Amino acid sequence: MAVEKTEVVVVGAGQAGIAASEHLSKLGISHVVLERDRIAEHWRSARWDSLVANGPCWHDRFPGMKFAGSQDAFVPKEVIADYFVDYAKMIGAPIRTGVEVSKVSRNEGREGFLVETSAGPIEADYVISATGAFQIPAIPPMVPETAGLTQIHSASYRNPGQLAPGAVLVVGAGSSGTQIAEELLRAGRKVYLSVGPHDRPPRRYRGRDNVWWLGVLNKWDMEATPGVEHTTIAVTGAKGGYTIDFRKLAGEGLVLVGRTEGYKDGAMQFAPDLKANLDRGDANYLSVLREADAYIAQNGLDLPEEPEAHVIPADPDCVSHPILSLDLKAAGITTIIWATGFGVDNSWLPAEALDDKGRAAHNRGIGAMAGIYYLGLPWQTRRGSSFIWGVWHDAKYVADHIAKQRGYLAYAPEAAPAKAAAEAETV
């Protein structure tokens, strides 16, 4: 049976895979995009019901298509998924859904790769892994099943009604953990939120959204530095977008605790770092305000002043007198939601394409193994890489690199003058 051949196989039809398809098509590079589920599946089935984008839709989109409605809206997850379906149709992306890739291996003694899929093998000159970094929900092996609690990852949370009655401990105070904790609080639950080190940017300031400030202050193009790649960011687009204020949430009944350290004899142990973590978030928040004020003054912009934004509320009791050990049963906690990030599964890629921890080995998406590329990774080229608009630009960089390599491989040297003359004499 003949094996199908194409120049590029793109694995994953989320935002990264669709962006890759657009740029490959513009360069005239033949390719297929393989997706084991539906287009943009994670937006539909790996998010909670009320999730909206963390940026306004004038910014969090591809350049070639706007979202319908107000361009300042924070659109729901289903609308985002539908956007990518429509975008893929608009660009004619050659997407095959329901096709799972099980293995990629380099061809023996010749160029290219063999991509083994549930629909049969495909040979390709290049492979782009567009599966991103948010693949396997990570739950620390801390609380045993014998504790008698329901433990789920934030990726499995849908709404308050799915949880058993009782209090909830949310571990992780990034965007997901904080939004879930607040939703549960509004639903009448007693909620404990474990807060680690984080950045806490303003949602908007002096009439401009945070994404605008990151743009004009040239922060979207910041490159990764050691220790920055995994910074937790507390920001939300829920309810039209607002600045997360942990102290304010505590004043409304949310119980803040420090970073989760362990579990022993029915009690969760927390580090005595809650105030330090909040102070760090405040420092980040205030630094953005100061930079914004300086930018406004330097450029003579007529934007309304907002002095009240600089006021940090007093510490609530749970910060002044932090809980270091919490008996879960006594506190009535029946559910723990782990908003603790994700791991990756790159086992389908050649071992030479990965580092010693099984992560993508690359430089700006160009794989350490020639012919393998990556898209959708946090800080792949810059701060904005894992965002919708950022991955579109990274995809162009990757597609351009493939086109360049393609050109090198197509090169054939001209015959040397002496050789050409000798060949002419023998004719």
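Author: What follows is a conversation about helix packing and then about cavities. Please keep in mind throughout that this is a predicted model.

Reader: How does one describe two helices that are packed against each other?

Author: In general, a packed pair is described by the angle between the two axes together with the distance between those axes. In this structure, helix 1 (residues 15-26) packs with helix 9 (residues 388-410) at an angle of about 40°, and their axes are 8 Å apart. Angles under 35 degrees count as roughly parallel, and helix 1 and helix 9 are therefore oblique to each other. As for handedness, helix 1 passes helix 9 in a right-handed crossing.

Reader: Which residues of helix 1 and helix 9 make the contact?

Author: On the side of helix 1, the contact is made by Gln15, Ala16, Ala19, Ala20, Glu22, His23, Leu24 and Lys26, while helix 9 brings Ile388, Val391, Trp392, Ala395, Lys396, Ala399 and Ile402. Sorted by class, the residues of this contact of helix 1 with helix 9 are 10 nonpolar, 2 polar and 3 charged.

Reader: At what angle do helix 1 and helix 3 cross?

Author: The axes of helix 1 and helix 3 (residues 77-91) cross at roughly 15° and come within 10 Å, which makes helix 1 roughly parallel to helix 3. The crossing of helix 1 and helix 3 is left-handed. Here Gln15, Ile18, Ser21 and Glu22 of helix 1 meet Phe84, Tyr87, Ala88 and Ile91 of helix 3, and by class this contact has 5 nonpolar, 2 polar and 1 charged residues.

Reader: Turning to empty space, how does one find where it is left?

Author: The general idea is to roll a probe the size of a water molecule over the atoms, which shows where empty space is left. This structure holds 2 cavities of 30 Å³ or more. The largest cavity contains about 40 Å³ of space, and its lining consists of His198, Arg200, Asp245, Phe246, Arg247, Leu278 and Asp282. Helix 6 (246-251) and helix 7 (274-299) each supply at least two residues of that lining, and the lining of the largest cavity divides into 2 nonpolar, 1 polar and 4 charged residues.

Reader: What lines the second largest cavity?

Author: The second largest cavity, with a volume of about 30 Å³, is lined by Ala53, Gly55, Pro56, Cys57, Asp60, Phe67, Ala73, Phe74, Val75, Ile80 and Ile388. Its lining has 9 nonpolar, 1 polar and 1 charged residues. Ile388 is a residue to look at in both topics, as one of the residues of helix 9 in the contact with helix 1 and as part of the lining of the second largest cavity.

Notes. Residues numbered from 1 in each chain as written. Predicted model: local features only at pLDDT ≥ 70, side-chain atom pairs only at ≥ 80, totals over all residues. Heavy atoms only, no water. Axes fitted to C-alpha atoms, helices over the stretch in contact; angles between N-to-C directions. Helix = DSSP H or I, 4+ residues; strand = E, 2+ residues; numbered from the N terminus. Parallel < 35°, antiparallel > 145°, perpendicular 65-115°, else oblique. Left-handed = near helix turned anticlockwise from the far one by under 90°. Contact = heavy atoms within 4.5 Å. Nonpolar A, V, L, I, M, F, W, Y, C, P; charged D, E, K, R; others polar. 1 Å grid on protein atoms, 1.4 Å probe; cavity = no way out; pocket = protein on both sides within 12 Å on 5 of 7 lines; lining within 4 Å. Points joined across faces, edges and corners; volume = space filled by probe spheres on them.
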